[in-house]
Amino acid sequence: MLLPKKMNKETFRHAKDWIITNQKNDGAICWDEHGKFDAWDHSECLLALAIFEEWDHFDKGLEYVFNNINSEGLIISETIKDKVTKDYYEPHHAAYIFLPLVQKYMIDGDASYIQKYQEKLKLIFEGMMKFRDTDGLFFWALDTKGFADNSLITASCSLELSRRAYSFLCTNVLQEEDQEDTNFFNLETFHSSRFNRDGIDRARFSMDSYYPYLIDCGDVDNIDQLLNKFYVEGLGIKCVEEEPWVTIAESSECCIALHKAGKTIEAKKIFNDVMQHMNKDGIFPTGYQYKLDINWPDEHSTWTNAAAIIAADCLYDLTQKDKVLLL
């Protein structure tokens, strides 16, 4: 693909429209036409819609989350065509809704919009906090048997972003006392063996390597090591270290992480690689298997396109507003 001379909203309009195409009448934004849904990826899509000020679709998506949280402020992990396929709760799924709310406020400054949902926002925050254990870490999930033993780096960083967003809303919009005024995590947190899923080290996954940088807990001295493990020149960031597979969402999010760590030149270089994957219709595939020279899986997921839009806004200021992921 010939790269655009200037990145602007028009560059990503078709990617945004793909997200809207996969929004159901009830407001849920599915992964694609097959109907898979989870609230974490749904909220990432809402961030992209906020960047484009698509408020009608944004409102519907917001209402869907608030209409589907339970009495504990949690939402079912996954559904496909409205049937529950993962019957448990992950705390970062419902709580991620705080980020698109902050993004909207940064764009239009409408405080009354957020005040309308004040009680539900508090319920979601309290539901998230119930997953925190005595070590200050968060259980990954809750089902009928209780809390899972696992804690995950990516999910934990997502929770920290949600906490910061809720804190922002409390302080700047709701005029409430900040519920938590200190970070949950620090640089040493992510060395804990608690983050080894079922006892297996997850250092081979790029998300677990770059997500700490999104919350300012990454070791800047290790960025070159991160790129050596996961960056494929001219293609993007691998999802898993040993797999010949770059993924557009991971590449885009890693660009944001690099930018936050002061590596904007490297971030823009990798984002140029991301742009090479945009198809003739202006839509991004989920990933590219470079040994087989095929897009894999054979899909164009909404949250992937959302991640590319968010990274573009972070690096090229599509909205000319503050960036929610830089909280």
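This is a short tour of a predicted model, stop by stop. Residues are numbered from 1 along each chain as its sequence is written, and side-chain values use heavy atoms, without hydrogens or water. Local features need pLDDT of at least 70 and side-chain atom pairs 80 or more, while totals for chains, interfaces and linings use all residues.

Select residues 76-80, strand β2, and 83-89, strand β3. Strands here are DSSP E runs of at least two residues, helices H or I runs of at least four, both numbered from the N terminus. Strands pair if DSSP finds at least two bridges between them. Four bridges join β2 to β3, antiparallel. Isoleucine 76 stands opposite tyrosine 89. In the two-residue turn, lysine 81 has a positive phi of about 50°.

**Lysine 36.** Lysine 36 stands opposite isoleucine 80. Lysine 36 also lies over the face of tryptophan 31, 4.3 Å from the ring centre. (A charge sits over a ring if NZ of Lys or CZ of Arg is within 6 Å of the ring centre and within 35 degrees of the ring normal.)

**Lysine 104.** Its charged end sits over the ring of tyrosine 113, 4.0 Å from the centre. Tyr113 belongs to an aromatic cluster with Trp55, Phe58, Phe66 and Tyr117.

**Phenylalanine 98.** Show its contacts (heavy atoms within 4.5 Å). Beyond four places away in sequence, phenylalanine 98 touches residues including Leu121, Ile124, Phe125 and Tyr166.

How values were computed: Phe/Tyr/Trp six-rings, centres within 6.5 Å; stacked < 30°, edge-to-face > 60°.
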